[in-house]
Structures are given as C-alpha cells and as structure tokens.
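Please keep the sequence and the coordinates at hand while reading.

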Amino acid sequence: MTATGAIWRNWARTEQAKPVRVERPSSIGAVQRAVKAAAGAGLPIKAVGAGHSFTGIAVAPGVLLELDDLQGVVSVDRERSRVTLLAGTRLHALPRLLRPYGLAMENLGDVDRQSISGAISTGTHGTGTTFGGLSTQVVGITIVTADGELLTADEHEHPELLPALALSLGALGIIVQVTLQCVPAFVLQAVERPEPVEPLLPTLLERAAEVDHFEFYWFPHTDTALTKTNTRLPGDAARAPIPPLRRWVDDTAIANGAYRVLCNAGVAAPAIIPRMNTLADKLTGNREFTDHSTNVFTTSRTVRFKEMEYAVPAEHLPEAFRRVRELIEERRFRISFPIEVRFAAADDLWLSTASGRASGYIAVHRFFREDPTEYFTAVEEIMIGLEGRPHWGKMNFRDAASLKTVYPRFDDFTALRDRLDPGRLFANDYLRRVLGE
C-alpha cells in the first residue's frame, strides 16, 4: 500500500520527515519491489519500526517503509533454540510468540516498544557484565540490498558478513528477517534498593561482576542511587510477581503519572527540581519480586524524554560517572531525569559500542520539553576524553572522522557499505554525518 503527504515523527519528537511516499509492504517480495522502484526513481529509501530512536537514523525524506505488516515467527529450530522472525516484529510481542516453544531472549533492555530490526540496528542493549547487546543474539539475518536482491548472512552463507549486518545502522540494506539464538525461558529474581551513591562507586565493577544483571539510577541533586539486581532462575522456579495494584501504583501512577506532573512543573520553575528529585527518589525503588524474565527486564515508559548514552571501557565507568556528577554541580544544571548506569560484555560486532571491550554505559536524559543541547554537549566532551562511543540510536554530535578513531572495524564497515550500497540508496543526513559520504 502507498500513501503520501503524511508527516512522520519519532517517539521523542526530536526528528520528523515528510516522505515523498510511504510504502507498507506485506511480504519480502514487496520490500524488494519497493527498493527497486525507489532506485529507479532516484529516491532514497529507509525502513522505520517504532520510531523509538532519538537520532535521525530512521528519517526517510524519500521513500519510507513501514514494516508493521512484516511481523511474526517464520520458523523455529527447536533443537538449537533458534527462532527466525520477520523484521517488523515488536519486542513486546516476543513473550507471546516464544512462549509456545518454551524460549526467551537471553537479555533485553528496559524498553520493548521497538521492532527487532530497529533494536539490533541501533545497538540496543540491557545490562550484565557477561551478556552482550541484542545484536549479539543474532545468528542469521537477511537484507534486501540496493539492487533489490536478498543477501543472507549466517553460519552457512556469508558468515564473515554477520558481524557487520547484525548491527548495521540501516546503512547496508533493508532487514527483512532475523534469526535469534534464544535460551530456555527463565525467571528473574529482582531486588531494587536505594543506596548511598558515594560508597557504591569504589565497588561498582565488583558489584556488577558478582551478579547476573546489575544497574543503577541516580537522580541528580540527591545522594542516593536506586540499584537494581536481577538473578537468573530456572523457568519453573516459583514466582512472586508484583501484585497488580502495587504494579499500577508504582509503574503507572507514580513512575509515569506523578512524574510527568513533576517534570512539567520543573520546566515552569527549574529551581524546584532538586526538591522534586528528592521526592521522586523517596517514592521509587525498595521492592523485591520474582517473575518471568521479560516482566522484570522491561518497564513501561510513557513520559517523553530525550536521551544520550555513551559506552566507555568498563574500567573508566566510575570516573565517567563522577565527572558527570561534578559537571552538573559546577554548571548548576537543573536536571529532573535520572542518570542510568549499565554494563555489557565485549563482543566482535564491527559497530557495536562494546566491540572488543567490556563496557560500561552512562545514559543522560532530559524531559522532552527541555533543550538538552548544553547538557548533552558537555557530557559528550567528558565521554570523548574517556574513549567513549555513542549509542547509535540516541542523541550525539559526533562525525565520521571522530568515530573512526574509536571503532577498529570502522573502515571495514564503510568499505562494505561502498560495496553493497555505492549509490547511497539507504543514506540520510544522520548516516552521512556518522559514516561519512
């Protein structure tokens, strides 16, 4: 189906575009035809999923492909716990799709609105020192290249290309199928506790290494961190989920409803933000529960925000956090949104933020009605000095010349791009900035 005249906006309202036309293919063949037609008309073409990236990575000024009709399970390899999905499949649909096979994704982030293709293309990740991002779970992938042909990379076909295609920023082609290495369904025991932030920092790396999944949030202008520890248990372990009313109060009424009111108040009167954060700090955390993995990993996020996230070598993480705290104090910024700290194992993907090194992540946020530029630019300067790599789907101000200095396989990726898309059919302004012309 084709539509024209509509304005596309991403979730955070940081990007928009008015495509020449919108295509909604319902089959892989239809994607191939759309790519060939765009090439013939001299129009760039981009696929979009849920629009949850904060950058312009999915902006499509030419032909916009909506993959909502390309969802669901294609096949299941029960013996090896592998599942092949159509590219538009949403992460929040996976529990329902995988449950009949007793499977789950090995790790997830805390947002599940994205499509599987969008999540892997931008480097989405969760936390855990022995776990990689979502793209590391990809064992097979099929894209439509600039000539409209199918290219598959897996253990049998073009295995040397899998580390590039599994996290490709949408620069090499349109993803149509993804095969994931899943694991038997499991349960997570969650412990969420407020702790003084200062004593936490010297032991941060040890704390993260001692458990399966560890992260913490810190509200600026407070002295407390909300720590989250998740321990993996067998799928048949006894569950003690959060009661429905308590979950509604915690996650809907307070974490989203009341917090939205506080954020809007902070826009009108920034001076109240420190007191507001102290209140938010007291209202969140301090609970234990045990539930299916996806119910623990993911959280409902309805308050719109803007985000920048940087990966630094894990050993630099405590220093990076300290410098951001000092920055906020020295510049007298009034920041209502918390800073999030997470971890990931090293991997071998060419453009992964954890490529070749164990990594720690610092994510900074601002309410969507606030201008993040000064804050984010200052944070980015700190991260660059610590060999930082920006999350591809979150706001940053880097260019190709600076990024190639922190990615050993950067030139290999751009050479592959030259081979697969010499005419830049899949390019846009964001990709021109971060990958070069």
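Which residue with a positive phi follows H8? It is Gly 285, whose phi lies near 80°. The model discussed here is predicted, and the sections below treat its parts in turn.

## Helix H8 and the glycine after it

Helix H8 spans residues 273-283, and within this helix Ile 273, Met 276, Asn 277, Ala 280 and Asp 281 are buried. These residues lie on the same side of H8, because the arc they cover around the axis is only 140°. On the other side of the helix, Arg 275 and Lys 282 are exposed.

Gly 285 itself belongs to the loop between H8 and strand S17 (287-292), and with a relative accessible area of 22% it is partly exposed. Once residues up to four places away in sequence are set aside, Gly 285 touches Glu 192 and Leu 226. The C-alpha atom of Gly 285 is also separated by 8.1 Å from that of Thr 227, although the two residues are 58 residues apart along the chain.

In soluble globular proteins, nonpolar side chains tend to be buried together. The largest nonpolar core in this model has 84 residues, of which Ile 141 and Trp 392 touch the most other members. Strand S12 (residues 174-181) supplies the largest share of this core, namely five residues. A second, separate core holds 44 residues, among them Val 197, Phe 219, Ile 335 and Phe 343.

The surroundings of Ile 141 can be described in detail. Leaving aside neighbours within four places in sequence, Ile 141 is in contact with Ile 120, Leu 151, Thr 152, Ala 153, Leu 162, Leu 165, Ala 166, Ile 175, Gln 177 and Val 178.

Ser 121 has its place in helix H3 (residues 116-122), where it is buried, with a relative accessible area of 8%. Not counting residues up to four places away in sequence, Ser 121 touches Leu 167, Ser 168, Leu 169, Gly 170 and Ile 175; Ile 175 is also one of the contacts of Ile 141.

Thr 294, which is placed in helix H9 (residues 293-297), likewise counts as buried, at 18% relative accessibility. With residues up to four places away in sequence again left out, Thr 294 touches Pro 95 and Leu 108.

## Salt bridges

The count of salt bridges in the model comes to 25. In one of them, Lys 36 pairs with Glu 149, and the closest N and O atoms are 3.9 Å apart. Lys 36 lies in helix H1 (residues 28-41), whereas Glu 149 lies in the loop between strand S10 (138-144) and strand S11 (150-153), so this pair ties together parts that are 113 residues apart in sequence. Lys 36 is partly exposed, with a relative accessible area of 46%, and Glu 149 counts as partly exposed at 41%. In another salt bridge, Arg 301 pairs with Asp 110, with the closest N and O atoms 2.9 Å apart. Because Arg 301 is in the loop between H9 and strand S18 (305-313) and Asp 110 in the loop between strand S9 (103-104) and H3, the pair ties together parts that are 191 residues apart in sequence.

Arg 323 counts as partly exposed at 32% relative accessibility, and Glu 319 is partly exposed, with a relative accessible area of 34%. Elsewhere, salt bridges that share partners join Glu 307, Glu 309, Glu 340, Arg 342 and Lys 394 into one network.

Leu 245, Trp 248 and Val 249 make a nonpolar surface patch of about 320 Å². Of these residues, Val 249 is found in helix H7 (residues 244-268) and is partly exposed, with a relative accessible area of 30%.

Technical notes: Residues numbered from 1 in each chain as written. Predicted model: local features only at pLDDT ≥ 70, side-chain atom pairs only at ≥ 80, totals over all residues. Heavy atoms only, no water. Buried < 20%, exposed > 50% of the residue type's maximum accessible area, 1.4 Å probe, protein only. Helix = DSSP H or I, 4+ residues; strand = E, 2+ residues; numbered from the N terminus. Arc of directions from axis to C-beta. Contact = heavy atoms within 4.5 Å. Core = buried A, V, L, I, M, F, W, Y, C linked by side-chain atoms within 4.5 Å. Salt bridge = Lys/Arg side-chain N within 4 Å of Asp/Glu carboxyl O. Patch = residues over 30% accessible without salt bridge, like charges linked within 9 Å, V, L, I, M, F, W, Y side chains within 5 Å. Areas by Shrake-Rupley, 256 points an atom, 1.4 Å probe, with all protein chains shown as cover.
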